[in-house]
Amino acid sequence: MSLTPGLHHFLVVSALLFSLGLLGVLARRNLLVIYMGLELMLNAANLALVAFSRFNANLNGQVMVFFIITVAAAEVAVGLALIVALYRKRQSAHVEDLTSLKL
Amino acid sequence: MTNGDYYQLLKLLAPEWTVVGTVLAILFADLQFWRNRSVAWRSAGAASILSLGFAAAAGLLIWKRAVTADLLGGTLVLSPTSQYVKLALLGLAIVTAWLCTEGEFTKHVGEFVALIALATAGMMFLVSTENLLMVFVALELVSLSLYVMTAFNKRSPRSAEAALKYFLFGGMAAAFTLFGFSFLYGLTGSIHLPTIAAKISWHAGDPLTLVAIVLVVAGFGFKIAAVPFHLWAPDAYEGAPAPAAAFIASGSKVASFFVLGKLLSVGLPGVGGSGAWKAFSPGWLAVVAILATASMIFGNLAALAQSSLRRLLAYSAIAHAGYALLAIIGGSQPALLYYAITYAVTSVGIFGVVAVVENRTGNEDIAGLAGLRERSFLLSVALSVFVLSLAGVPPLAGFFGKFYAFAAAAKLGSSLGYWWLVALALGASCVSLFYYLQVLKQVWVAPVPEGQGKVAGGWVVSILLALLALAVLVTGAAPELLIRFLK
């Protein structure tokens, strides 16, 4: 039995990360924790891309990861700005308080 | 890859450069020279600069309309069709920018108009690429600009809340799309759509392929607001400033439909499966058919219960996403683009009317339109043209949009396998007539409320609205005028 991790190991970890992130987005109530869930989902995709890149023997996937990291940073900047804007109006960062628009 | 490639790239991207230059020009002029002017003056100034810059970009596009190019491994793919779609996007952006002159929702108009231009740049890149990385980056440029635009009304708590909901759903959609892209890349070793198409058919029945398809379609389902990924749409439409809502409903939809259609028909043609009656087999056709069904049914039924005009438009947009998905199923790019462009022109027009009326009366309900016929004849006629076009009444553009989309789906396969979807779409269109006519009833039949004076927009907005209504009429009366550019 070999101890080097194969492609499917990476994929299982990445699928787990993605599910954890999704669970965080859907189940948590604090906006900041929800953001962390979103980041986890993006990083799950990053892990899958890097693993595929290694096993496909080309660099497209890794290049894509660099772009995703950059874009994710921009996304967080916008997201945090939105939380601040909301906090100034509501004094709260919880999803229960987002009720002025009915869902 | 040689230096010649990059020089070629610079030349071919001239319209995009012009758009980005316009962004900088607007920011510079607003920050440097117009600090002491009134907000109304600054918004008109910013919209003028945007119109000039975009007219120049449109000129470049028309000049190079016959171009075909495929550079840097599908990163930049130009065809006459993509040039015409970009022209439409520029036009929609110009109208949106002028809507900023209706109603003072922020002091930072320069930044707002610059964001419109930035989102337009993203959309232009989005429609001219066949590369997954470029699709993602362009999509995020569009999305991030739109999130910020949605949050721009700092005086209203609803604006920030709408933006946050839009952002959370959009961020999730981006993660879904990316996870799907990573599987497509893993299965085929490429991020170039035609290469993916050539290799993905080896994995046609693979569960991983199906997961990738579902994830990608789910991600784009958020962008086009298809059920069950539509939850953000009513809130974003209601809370956002009118120009932001108009752009979400128009430009963003055109670009997203174009790229979703391209992704599925160019990138994944071999793994469509089937959504035909009694012949379901897994693949993107089946997934898209389910989304279309759910969107048409839910969108139309939920719209029946709305009293807010903007929420009604949001649910009608969800229903229209369902109809447009029929064109994607039918695999007909001209039908899809005709539908998306005429729909976008109509919605930007409706939001124009909404912006003017809300600005003058402060009432956001359908009842706020009561007696509009006496208060502004031009707005009443324009609104009627737009609403009837959405309802699909001939000879307006909406009728032919639906006709082409439904016909494309009906013709697919040998034995009318998609008849169930077309029948459902026709039924749903009939239901939708009810709520569209409710709007027109307020305009033309309901009594004029006491103490309400005339309603009139600025002259530029009035002219633009009249032009949009004319465009809906003309492209409806003579659909060949538009559709021959999209083939």
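A residue is called buried when its relative accessible area is under 20%. Keep that cut-off in mind as you look through these close-ups of a predicted model.

**View 1. Helix H11 of chain B is mostly covered.** This helix spans residues 242-249, and eight of its eight residues are buried.

**View 2. Thr346(B) sits in helix H15 of chain B.** The helix around Thr346(B) covers residues 333-361. Is Thr346(B) buried or exposed? Its relative accessible area is 1%, so Thr346(B) counts as buried, because that value is under 20%. Follow the side chain of Thr346(B) and you will find the backbone oxygen of Thr342(B) at 2.5 Å.

**View 3. Ser48(B) belongs to helix H3 of chain B.** Helix H3 runs over residues 39-63. With a relative accessible area of 28%, Ser48(B) is partly exposed. Now look for Ile94(B), which is 46 residues apart from Ser48(B) along the chain. How far apart are the C-alpha atoms of Ser48(B) and Ile94(B)? They are separated by 8.8 Å.

**View 4. A positive surface patch brings together residues of chains A and B.** Its members are Arg88(A), Lys107(B), Lys154(B) and Arg155(B). Let's zoom in on Lys154(B), found in the loop between helix H6 (132-150) and helix H7 (157-188) of chain B. Lys154(B) counts as exposed because its relative accessibility is 55%, and exposed means over 50%.

Key:
Residues numbered from 1 in each chain as written. Chains lettered and ligands numbered in written order. Predicted model: local features only at pLDDT ≥ 70, side-chain atom pairs only at ≥ 80, totals over all residues. Heavy atoms only, no water. Patch = residues over 30% accessible without salt bridge, like charges linked within 9 Å, V, L, I, M, F, W, Y side chains within 5 Å. Areas by Shrake-Rupley, 256 points an atom, 1.4 Å probe, with all protein chains shown as cover. Salt bridge = Lys/Arg side-chain N within 4 Å of Asp/Glu carboxyl O. Lys, Arg positive; Asp, Glu negative; His and termini not counted. Charge placed at Lys NZ, Arg CZ, Asp CG, Glu CD. Helix = DSSP H or I, 4+ residues; strand = E, 2+ residues; numbered from the N terminus. Buried < 20%, exposed > 50% of the residue type's maximum accessible area, 1.4 Å probe, protein only. Polar contact = N/O pair within 3.5 Å; in protein donor to acceptor, adjacent residues only side chain to side chain.
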